[in-house]
Amino acid sequence: CACLQLIVYTVIHLHPTFERLEAAVADPKSPKFSPRNSATRLASRLAFVVLATLLAAMLPFFVEFSAFMGAVGFTPICVFLPLLFYNIVFKPSIRSLTFWVNYLVMSGAAAIMLLGSISSLRQIVSEATTYRLFANV
């Protein structure tokens, strides 16, 4: 069960990397789903998933690291920036409900982001003190 979870996390988090890898190894003159490009894509993805899964299995705190990266990396992009840009572009009045709801949501998201990053860092530190290779497999 733990190995399957690691493989799913690996595939989800590495999809942008697959796109870059495939662009580097694919033949640009051939169609995307030509036999040559399909074989290259399959081989490169398979090798990368095996390598990333091996690395993830070696680290007992892989899930917490993913949680930390999500809290620090994705919360600002998905919550702060759209609301902040809305307030900058449309300039709602300080007395409007929209202005205050946007800042209330941004404040709540900041608190959740801070708590999430602290808890995942705490879990990483606690698991790193008793680190063993392939501890969860």
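Residues are numbered from 1 along each chain as its sequence is written. In this predicted model, local features need pLDDT of at least 70 and side-chain atom pairs count only at pLDDT 80 or more, while totals for chains, interfaces and linings use all residues; side-chain values use heavy atoms, with hydrogens and water left out.

The chain contains five helices and zero strands, where helices (H or I, at least four residues) and strands (E, at least two) are DSSP runs numbered from the N terminus. The order of elements from the N terminus is α-α-α-α-α. Of the 137 residues, 25% are buried, a class defined by a relative accessible area under 20%, with exposed meaning over 50% and partly exposed lying in between (1.4 Å probe, protein chains only). Among contacts in the chain with a separation of 6 or more, 66% involve residues 24 or more positions apart; a contact requires heavy atoms within 4.5 Å. The chain exposes about 9500 Å², of which carbon and sulfur atoms supply 75%. These accessible areas come from the Shrake-Rupley method with a 1.4 Å probe, and for residues only the protein chains shown count as cover.

Helix α4 spans residues 62-90, and the loop between α4 and α5 includes K91. The phi angle of K91 is near 45 degrees, a positive value in a residue other than glycine. Most residues other than glycine have a negative phi. K91 counts as exposed because its relative accessibility is 65%. Helix α5 comprises residues 97-128 and includes V125, which is likewise exposed, with a relative accessible area of 52%. The C-alpha atoms of V125 and E64 are separated by 10.0 Å, although these residues are 61 positions apart along the chain.

Three aromatic pairs are present in the structure. Rings of Phe, Tyr and Trp (its six-membered ring) pair if their centres lie within 6.5 Å; planes under 30 degrees apart count as stacked, over 60 as edge-to-face and the rest as tilted. The F99 and W100 rings have centres 5.2 Å apart and planes at 85 degrees, so this pair is edge-to-face. F99 and Y103 form a tilted pair, with 4.8 Å from centre to centre and 55 degrees between the planes. Because F99 and Y103 are four residues apart in helix α5, about one helical turn separates them. F99 is buried at 13% relative accessibility, whereas Y103 is partly exposed at 31%. Ring pairs link F99, W100 and Y103 into a cluster.

W100 and Y103 also belong to a nonpolar surface patch of about 1200 Å², whose other members are F74, I77, L81, L84, F85, Y86, I88, V89, F90 and I94. Patches are made of residues with over 30% relative accessible area and no salt bridge, like charges being joined within 9 Å and nonpolar side chains (Val, Leu, Ile, Met, Phe, Trp, Tyr) within 5 Å. A salt bridge is a side-chain nitrogen of Lys or Arg within 4 Å of a carboxyl oxygen of Asp or Glu. Helices α4 and α5 each supply at least two residues of the patch, and the largest share, nine residues, comes from α4.
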